[in-house]
Amino acid sequence: MTSRRTVLKGTLFGGAAALLPTAASASGGGSFLRLPAPSGPYPVGMRTVHLTDPVRSDPWVGGVRELMLTVLYPARSVRGFSRAPQLTPAEAEVFAAYAPHVRPGLPEPGAVDWGAVLTHGYVGAPPLPGRRPVLVYSPGGGDSRTLGTTLAEDLASHGRVVVLVDHPGDASQVELPTGMRTTVLTGPPDPATFRTMVDTRIADLRLVLDRLGDLPLAPVMDLGRIGTYGHSAGGTAAVYAAHRDRRIGAVANLEGYLDLYPTPVDRPSLLFRTDGFEGAARIESSWAGLPGRRVLLADANHWAFTDYGSLVARLQTAGLVTPTARAALIGTGDPVVALAQVRARVGAFFARHHHTRA
């Protein structure tokens with residue numbers, strides 16, 4: 001809440017230079033990996049923010065709780081500004097080592113230059129004037145915020161400010177000003193660890209909401225129109241955060257369990273799942289009786305909601321991911337069709353409940 005003492009530390013961590021790919025990575029073995037372009041009328045600007053909460057101890061390593069954010073927004077112009085890579089060089093190196101362990105079936109280290117993957121966000125581009133709805137995103141357990149780039153860019157290109165939140169400790173890697181944090185997870189979390197993850201994420205999201213008015217993009221944010229969305233554990237956290245915080249007007253849950261606390265959905269809600277997820281029975285049970293718009297993504301699996309939906313399909317085409325691994329990660333359907341459905345459903349939901357003004 002606003003009484004919580006928090007510190008906004010740094011608004012462009014590392015500067016634009018830290019977000020630019022090296023010459024080697026731009027021409028390396030990962031250059032065939034591309035993220036789909038956003039579909040909206042506006043180009044997308046991007047800034048990176050570091051937050052600290054000195055009154056809350058980090059549950060995984062102790063000390064001050066730190067977060068990294070990426071803020072995406074409709075830009076007035078992107079001329080003269082550079083596109084950001086999905087991962088910084090240091091993050092790409094760590095992710096390459098962790099990827100096949102966090103997500104079995106992904107290529108072994110050295111097979112892909114993850115630092116060569118570019119976003120469609122332009123670092124430091126000036127924002128389009130106006131007051132924009134705000135969406136705050138929490139990624140899945142074990143994933144970093146950067147794996148939500150494709151959907152976030154699309155939402156921003158249609159006139160929203162989107163804040164991607166990293167949760168150090170369970171994210172595979174997060175580059176902080178104080179150093180690189182890697183995941184504490186060595187496999188699927190046990191119930192106690194999962195509860196700690198979700199409770200930590202709820203507190204992280206509330207910290208972000210507390211500090212939105214202090215962010216560099218605050219002048220173009222309409223803080224009366226805030227929504228949250230998340231994937232997997234992030235979807236769980238997004239819904240519970242909305243239940244506890246009246247500032248959140250709508251929430252989209254992309255295949256997250258809702259069985260930690262009773263009656264969590266009391267806001268306009270989108271409950272979106274795939275037909276291939278191995279946890280489908282628990283999803284259906286935990287969603288039973290809850291209000292909200294329900295959507296099923298056909299021929300898809302759990303990570304089709306993330307950037308893996310596009311990247312894994314390209315890796316399979318390149319012979320670096322097997323058909324079995326692809327099916328286990330994103331399903332067997334056409335990734336272009338799946339992405340279009342995710343963008344359309346999530347975008348329409350928030351447009352309906354946030355009355356988006358272009």
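**Exercise 1.** Find the residue that stands opposite V44 in β5.

Solution. Start at V44 and look across to β5: the residue there is G121. Next, look at the whole pair: β2 and strand β5 (residues 118-123) run parallel and are joined by three bridges. Two strands count as paired if DSSP finds at least two bridges between them. Strands themselves are DSSP runs (E, at least two residues), as helices are (H or I, at least four), numbered from the N terminus.

Before going on, note that this is a predicted model, where local features need pLDDT of at least 70, side-chain atom pairs count only at pLDDT 80 or more, and totals for chains, interfaces and linings use all residues. Residues are numbered from 1 along each chain as its sequence is written, and side-chain values use heavy atoms, leaving out hydrogens and water.

**Exercise 2.** Describe how β2 and β3 are joined.

Solution. Strand β3 (residues 64-74) runs antiparallel to β2, with eleven bridges between them. One of the pairs to trace is G45 with Y73 in β3. Then follow the hairpin: six residues lie between the strands, and G62 takes a positive phi near 75°.

**Exercise 3.** Decide whether S310 is buried or exposed.

Solution. First locate S310 in helix α7 (residues 308-317). Buried means under 20% relative accessible area, exposed over 50%, and partly exposed in between (1.4 Å probe, protein chains only). S310 has 13% relative accessibility, so it counts as buried. Finally, leaving aside residues up to four places away in sequence, S310 touches P36 and L339; a contact means heavy atoms within 4.5 Å.
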